[in-house]
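Here's a quick briefing to read alongside the model.

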Amino acid sequence: MTRFRIAIIAIVALLAAFVSNAEPKHVYLTYSGAPETTIDVNVMLLDKVSAPVEVYYDTEPRNGDVNAYKQHMTATYLPTTMEMSDRRTLHVAALKDLKPGTVYYFVAGEAKYGMTKERKFRTLPGGDKPFRFIDGGDMGVDGLVVPLLTLAAKEDPDFGLIGGDIAYENGLLAGAATWSQWLTNWDQAMVTPDGRMVPIITAIGNHEVNRYESPDFAQRSPWYMGTFGRQGSDVFHAKKIGDNAIFFLLDSGHLEPHDGKQAAWLKQQLEANKDVKFKFAAYHVPLYPAHRPYDGAGSKLGRDHWAPLFDEYSLTMAMEHHDHVFKRSQMLKGGKVVKKGGTVYIGDGCFGRGPRPVDPQVRWYNQKEKSAAHYWVVNVTKKGIKLRAVDDKGSELDKFTLP
Ligand SMILES: [Fe+2]
């Protein structure tokens with residue numbers, strides 16, 4: 001045998017060993033159903049595969065022994081426009097009939113790219129039991145992202161809510177490496193002290209969308225729609241959590257206009273859930289900005305088409321982003337500061353991007369403003385909502401309760 005052939009055989013053996021130790025490219029968690037009893041395990045692979053992608057799961061750790069897990073689901077391959085970028089494929093196992101407030105252990109993968117190591121998640125507790133989440137937006141993949149995610153994970157959140165401008169690929173097919181870095185950052189840094197993965201709930205931002213003109217959202221926003229497009233039947237969606245909380249995740253005009261179909265849906269959803277104690281909205285462009293002008297087009301559209309509905313149904317709190325500063329608004333209703341019965345707007349999305357300046361004087365509609373990177377920690381209990389804003393050094397910027 002020639003030296004050349006021996007070298008080739010050695011290289012093939014090395015590659016085979018590498019493949020057998022490989023894992024799926026990315027695994028992340030989202031919800032298309034109730035977060036008390038369902039979860040979507042999203043498995044992203046480097047390429048098309050012929051063997052099915054499997055998820056094995058159990059309420060007890062099984063150390064990756066696929067035969068030992070009591071439950072199993074075959075993931076569904078979902079064609080996405082992300083494949084046009086670097087051929088990555090998405091496979092989703094929508095687990096259902098889970099027990100509320102329970103830790104589940106799982107492995108996911110298939111023959112070619114191998115299985116994940118054992119991972120775990122926790123279902124939401126349901127009923128009137130307390131839960132906790134992180135809110136932030138305007139992240140990207142560098143700068144303060146990893147330090148902020150690492151601090152946020154220590155809060156032991158049930159989920160993370162991201163209000164748009166997530167990876168900053170601008171809807172371009174060339175965004176593969178950017179999205180891989182974003183998913184890796186989340187997977188590695190957003191791990192709770194007990195080793196849980198943190199599921200993701202999102203609203204869309206301007207940096208998720210390209211300028212291609214098409215009625216097909218998957219072409220205008222290939223990465224966002226591919227990665228997070230199954231949370232509802234449209235890009236805007238609602239999520240009821242426990243007995244006392246409903247979340248409206250809105251699109252501030254990036255794929256769907258504020259008015260028309262979206263405003264009609266929002267009114268119908270608010271009416272259907274009018275007796276739910278705490279109502280939250282999360283979206284990208286602030287109605288009450290703390291950096292950009294008050295009369296900016298996106299802000300004005302939100303105040304024209306959404307604020308009257310927030311007022312009519314007494315929205316508890318709105319989570320705003322896009323301006324890359326910290327702010328807490330006054331309690332507002334009918335475009336005025338009120339003492340009770342209005343909505344508090346928090347923001348403004350600085351979960352990784354460098355902070356922008358605020359005015360020398362706090363604006364009339366705001367209570368606090370600061371040029372500071374941060375995330376919000378929101379504790380929801382049956383009695384009320386406790387909020388804290390935390391900066392990139394772990395220092396508390398704000399603390400208050402609602403209602
Ligand atoms: Fe933005």
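With 403 residues, a compact globule would have a radius of gyration near 22 Å, and the protein's 22 Å agrees with that (the radius is taken over C-alpha atoms, and the globule rule is 2.2 Å times the number of residues to the power 0.38). Keep in mind that this is a predicted model: local features need pLDDT of at least 70, side-chain atom pairs count only at pLDDT 80 or more, and totals for chains, interfaces and linings use all residues. Residues are numbered from 1 along each chain as its sequence is written.

**Overall picture**

- Along its principal axes, the C-alpha trace spans about 85 × 40 × 40 Å.
- The protein has nine helices and 23 strands; these are DSSP runs numbered from the N terminus, with helices being H or I of at least four residues and strands being E of at least two.
- Buried residues account for 48% of the 403. Buried here means 20 or more other C-beta atoms within 10 Å of a residue's own, exposed means 12 or fewer, and partly exposed is in between, with C-beta atoms placed from the backbone.
- Of the contacts between residues at least 6 apart in sequence, 70% join residues at least 24 apart. A contact means that the C-beta atoms of two residues, placed from the backbone, lie within 7 Å.

**The six-stranded sheet**

- Six strands make an open sheet with mixed pairing, in the order β12-β11-β10-β21-β22-β23. Two strands pair if DSSP finds at least two bridges between them.
- The edges are β12 (200-203) and β23 (396-402); each has a single partner strand, so one side of each is left without a neighbour in the sheet.
- From one strand to the next, the twist averages 20° (axes are lines fitted to C-alpha atoms, for helices over the stretch in contact, and angles run from 0 to 180 degrees between N-to-C directions).
- Inside this sheet, β10 (residues 131-136) and β21 (residues 374-380) pair in the antiparallel sense over five bridges.

**The four-stranded sheet**

- Another open sheet has four strands in the order β1-β2-β6-β5, with antiparallel pairing.
- Its edge strands are β1 (26-30) and β5 (76-78), each pairing on one side only.
- Here the twist averages 30° from one strand to the next.
- β1 pairs with β2 (residues 39-45) in the antiparallel sense over five bridges, and L29 has V41 as its bridge partner in β2.

**Strand β3 and its partners**

- Four of the five residues of β3 (residues 54-58) are buried, so the strand is largely enclosed by the rest of the structure.
- β3 pairs with β4 (residues 71-74) in the antiparallel sense over four bridges, with Y57 standing opposite Q71.
- β3 also pairs with β7 (residues 103-110), again antiparallel, over five bridges. E54 has G109 as its bridge partner in β7.

**Helices α3 and α4**

- The axes of α3 (residues 145-153) and α4 (residues 176-189) come within 9 Å and cross at roughly 35°.
- V145, V146, L149, T150 and A153 of α3 meet N185, W186 and A189 of α4.
- By class, this contact has six nonpolar, two polar and no charged residues (Ala, Val, Leu, Ile, Met, Phe, Trp, Tyr, Cys and Pro count as nonpolar, Asp, Glu, Lys and Arg as charged, and the others, Gly among them, as polar).

- A cis peptide bond joins G347 and D348, with omega about 0°. D348 sits in the loop between β19 (343-347) and β20 (366-370).
- There is a cis peptide bond between L402 and P403 too, with omega about -5°; P403 lies in the segment after β23.
- D165 is a residue other than glycine with a positive phi, near 60°. D165 belongs to the loop between β11 (159-163) and α4, and counts as buried because it has 25 C-beta neighbours inside 10 Å.
- N170, also not a glycine, has a positive phi near 60°. N170 is in the loop between β11 and α4 and is partly exposed, with 17 other C-beta atoms within 10 Å.
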